[in-house]
Amino acid sequence: MPRALTSLLAVTTTALLTFPAQAQEDASGKLTIELNSIEAQDGNCRMSFVVLNGFETDLKSAVFEAVLFDKSGAVDRMTLFDFGALPAMRTRVRQFVVPQLNCDTLGRVLINGAQTCETDTETTAGEDFCGKALHLRSRIDVEVIG
């Protein structure tokens, strides 16, 4: 294997192995939702999210209202994304297939708020997790805002 390729592989592997630990450190005290990828699927759009519950309390249920905008800024639709149970200090991947949505036209996702946010503790803790402590980001060209 050429030396340059070996070096590149070593750097990439190191970055991938250290990323989860860094992500958890940075996300402490936050509920982080990252739009990780979108993929066309039989006339639909599959959206993949990486979610990290950076709190020491499990979320029993987390459902968010999302507004999907096209690239011109027009509202395409409103929908609910049910992220389900999110264990404390753990990363989960959730995928949603949005029917009859062309991924190429998706420009922005607005997390409009939590419809459901339940913990084993007080209700106000759930509101803090899914509202005040919500941290949104995107790895792709589609912006995620809240």
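A: The protein has 2 helices and 8 strands, and their order along the sequence is α-β-β-β-β-β-β-α-β-β. Helices (H or I, at least four residues) and strands (E, at least two) are DSSP runs, numbered from the N terminus. The model is predicted, and local features need pLDDT of at least 70, side-chain atom pairs count only at pLDDT 80 or more, and totals for chains, interfaces and linings use all residues. Residues are numbered from 1 along each chain as its sequence is written, and side-chain values use heavy atoms, with hydrogens and water left out.

Some background on the whole protein comes before the pairs. Of its 146 residues, 32% count as buried; buried means under 20% relative accessible area, exposed over 50%, and partly exposed in between (1.4 Å probe, protein chains only). Among contacts (heavy atoms within 4.5 Å) between residues at least 6 apart in sequence, 70% join residues at least 24 apart.

Now to the salt bridges. Side chains of opposite charge can pair when their charged atoms come close. A salt bridge is counted when a side-chain nitrogen of Lys or Arg is within 4 Å of a carboxyl oxygen of Asp or Glu. The whole structure holds 5 salt bridges.

One of them joins R137 and E34, with 3.2 Å from N to O. R137 lies in strand 7 (residues 134–138) and E34 in strand 1 (residues 31–41), so this pair ties together parts that are 103 residues apart in sequence. E34 is buried, at 5% relative accessibility, while R137 is partly exposed, with a relative accessible area of 32%.

E34 also forms a salt bridge with R139, again listed at 3.2 Å from N to O. Here E34 in strand 1 meets a residue of the loop between strand 7 and strand 8 (143–145), so the pair ties together parts that are 105 residues apart in sequence. R139 is partly exposed, at 48% relative accessibility.

Another salt bridge links the side chains of E39 and R46, at 2.3 Å from N to O. E39 is partly exposed, with a relative accessible area of 41%, and R46 is partly exposed as well, at 21% relative accessibility. As for shared partners, salt bridges join E34, R137 and R139 into one network.
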